[in-house]
Amino acid sequence: MNIKIIIPFFTLISLQICSYAQSIDLKIHLSGVYSSKISLMPLSGKGALKPMIEKPDVKNNQTVILTVPKDRLPGQFVLRFDYQEKASSAPYPSEKYLFINNQNLELWVRPKAVNNPDSTWFQKEEKENSLFAAFTSENTRRKAQLGLLQNFLMNYDQPGSKFYQNGEEEYGSRRKEYNQWVAKQIEEHSETFVSRIFQFQYVPQIGWGGTETERMNSLMEHYFDMIDLKDPLLAKSADFKDWVNSYVNLYGARATTVALRDSLFTLAGQRAIEKAKAGHPLVYGWMVDYFYSGYEGFNIASGIKMLEPYLQDPRCITTKRLEIEKRLQGIETIRPGTVAPDFATTDASGKPVQFHRFTTTSPYKLVMFWSADCQHCKELVEKLYPWYQKAGGKKMMEVFAISVDFTDTEIKVWEDAKLKLTGWKHSRANGGINSPEASAYYILSTPVLVLVDSKTNKIVALPEKVEDLEKAVRR
């Protein structure tokens with residue numbers, strides 16, 4: 001009997017990426033301080049910029065080994081030292097950025113001079129970080145002349161002159177020569193992870209003729225030309241995110257209103273995702289995840305709606321699929337004109353009552369999902385509470401402040417904060433973001449405001465800030 005084993009397509013992709021990877025040891029020799037806590041943080045992926053490995057209280061002249069699991073490799077990391085110069089000293093931080101691929105590393109480090117090659121260095125045969133340092137040094141030198149020519153072409157006041165045309169030709173020649181050098185470096189060092197980073201230094205084509213707007217259009221059109229979107233390891237590179245950030249900023253620089261900003265960011269996302277769609281499924285999915293996070297942060301509903309067709313594409317390996325689907329459902333469900341979801345609350349005497357049955361002479365009920373430990377929430381409340389008092393307080397609206405604080409630390413902050421916000425009805429959703437209340441309102445991040453008509457329980461507006469709320473109650 002012949003037995004055929006079928007491995008799912010996405011599993012095959014994962015095997016292709018990780019088959020060569022194994023756990024890697026980073027051996028650190030500490031010197032020059034009394035002691036230090038040593039932490040290793042990934043720059044991308046799950047848990048980015050959060051300690052992945054920690055070694056507390058490493059003493060002077062001691063050696064420790066940090067074992068990096070294979071599922072985090074290759075990658076870019078931050079090695080952080082919280083060191084004490086003396087036993088009585090307060091801890092002081094220093095950080096070193098490094099690449100880890102498939103080679104065990106040995107690092108001699110003095111935290112006070114963590115980025116000084118005379119005081120902190122890897123073993124002689126180390127590849128990735130040594131190559132990056134050498135490339136960066138040579139790249140800076142080679143790119144300097146291109147920068148001078150670019151400044152000339154951008155600022156010279158006679159673009160029709162022969163002199164300007166000569167400058168264009170010289171720039172084109174040097175750009176070609178420089179890009180060929182970058183390509184050669186990538187080819188020569190193709191076995192390294194860091195060579196993937198080199199491609200972000202490519203200088204894209206720019207049509208220097210025409211207006212400044214036309215030049216920017218040319219730059220945006222050719223931004224992706226020389227990037228290998230078929231390389232799955234791009235998704236593990238923190239520099240990829242910085243590179244896409246710069247692309248998005250080209251669109252954002254044109255925004256003169258919030259509405260135009262939202263439109264431009266949505267356009268940027270659509271164009272970037274379409275480029276990535278022709279590349280590797282992991283890069284394609286990464287691009288969808290990137291723009292979803294941005295749209296969620298800026299509350300750009302049009303951008304989130306733009307992502308919907310990509311969820312239907314089996315090639316799109318997004319880690320945010322469930323979040324995007326939930327957000328899309330929320331956009332359709334939680335909107336002006338629909339009835340606000342019901343939830344349990346309390347009346348004036350403290351007795352339990354459903355939100356829909358809560359009676360008040362105030363024309364509005366304001367539902368606010370927040371976290372007292374969230375900086376954006378703090379900034380909103382600092383403006384909202386004085387406005388609430390000035391606008392007439394309960395005569396204008398009843399405020400239902402629903403906390404999604406979950407940890408003991410967050411709950412303590414919430415308990416202290418609510419004491420200063422008298423007149424509001426405070427409750428904490430048991431389960432935080434995953435509570436029935438938050439789920440009913442499709443809450444994925446905070447703060448969220450929902451203005452509700454007291455008589456009909458229909459949603460009046462979804463204000464993002466106090467100014468929006470003020471306009472909504474004046475209609």
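Predicted model: local features only at pLDDT ≥ 70, side-chain atom pairs only at ≥ 80, totals over all residues.

**Confidence**

Colour the chain by pLDDT. The mean over the protein chain is 91, and 95% of the residues reach 70 or more. Next select residues 1–20, where the pLDDT is below 50. This stretch has 18 contacts in the model beyond near neighbours in sequence.

**S362**

Select S362 and look at the secondary structure on either side. S362 sits in the loop that runs between β10 (352–354) and β11 (364–370). Is S362 buried or exposed? Its relative accessibility is 3%, so S362 counts as buried, the cut-off being under 20%. Now show what surrounds it. Apart from neighbours within four places in sequence, S362 contacts K394, K395, M396, M397, E398 and S454.

**Helix α3**

Move to α3, residues 162–188. How far apart should its ends be? With 27 residues at 1.5 Å a residue, the helix should span 39 Å.

Within α3, select the buried positions: Y164, G167, Y171, R175, Y178, N179, W181, V182 and Q185. To see what they pack against, display α2 (128–155), α4 (195–198) and α5 (212–221). As background for reading such a list, an α-helix has 3.6 residues a turn, so residues three or four places apart point the same way.

Stay on α3 and pick R174 and E170, which lie four residues apart, about one turn of the helix. Their side chains form a salt bridge, with an N to O distance of 2.7 Å. R174 is partly exposed at 34% relative accessibility, and E170 is partly exposed too, at 35%.

**The network around R80**

How many salt bridges does a search of the whole structure find? The count is 14. Some of these share partners: R80, D82 and E95 are joined into one network. Side chains of opposite charge can pair when their charged atoms come close.

Select R80 and D82 to begin. The closest N and O atoms of this salt bridge are 3.0 Å apart. D82 is buried, with a relative accessible area of 16%, while R80 is partly exposed at 26%.

E95 has 30% relative accessibility and so counts as partly exposed.

**F265**

For the last stop, select F265 in helix α7 (residues 258–277). F265 is buried, its relative accessible area being 12%. Which residues does F265 touch, not counting those up to four places away in sequence? They are V248, G252, F291, Y295, F298 and I300. Finally, draw a distance between the C-alpha atoms of F265 and G303. These two residues are 38 apart along the chain, and their C-alpha atoms are separated by 7.3 Å.

Note on methods
Residues numbered from 1 in each chain as written. Heavy atoms only, no water. Helix = DSSP H or I, 4+ residues; strand = E, 2+ residues; numbered from the N terminus. Buried < 20%, exposed > 50% of the residue type's maximum accessible area, 1.4 Å probe, protein only. Contact = heavy atoms within 4.5 Å. pLDDT = per-residue confidence, 0-100. Expected span 1.5 Å × (residues − 1). Salt bridge = Lys/Arg side-chain N within 4 Å of Asp/Glu carboxyl O.
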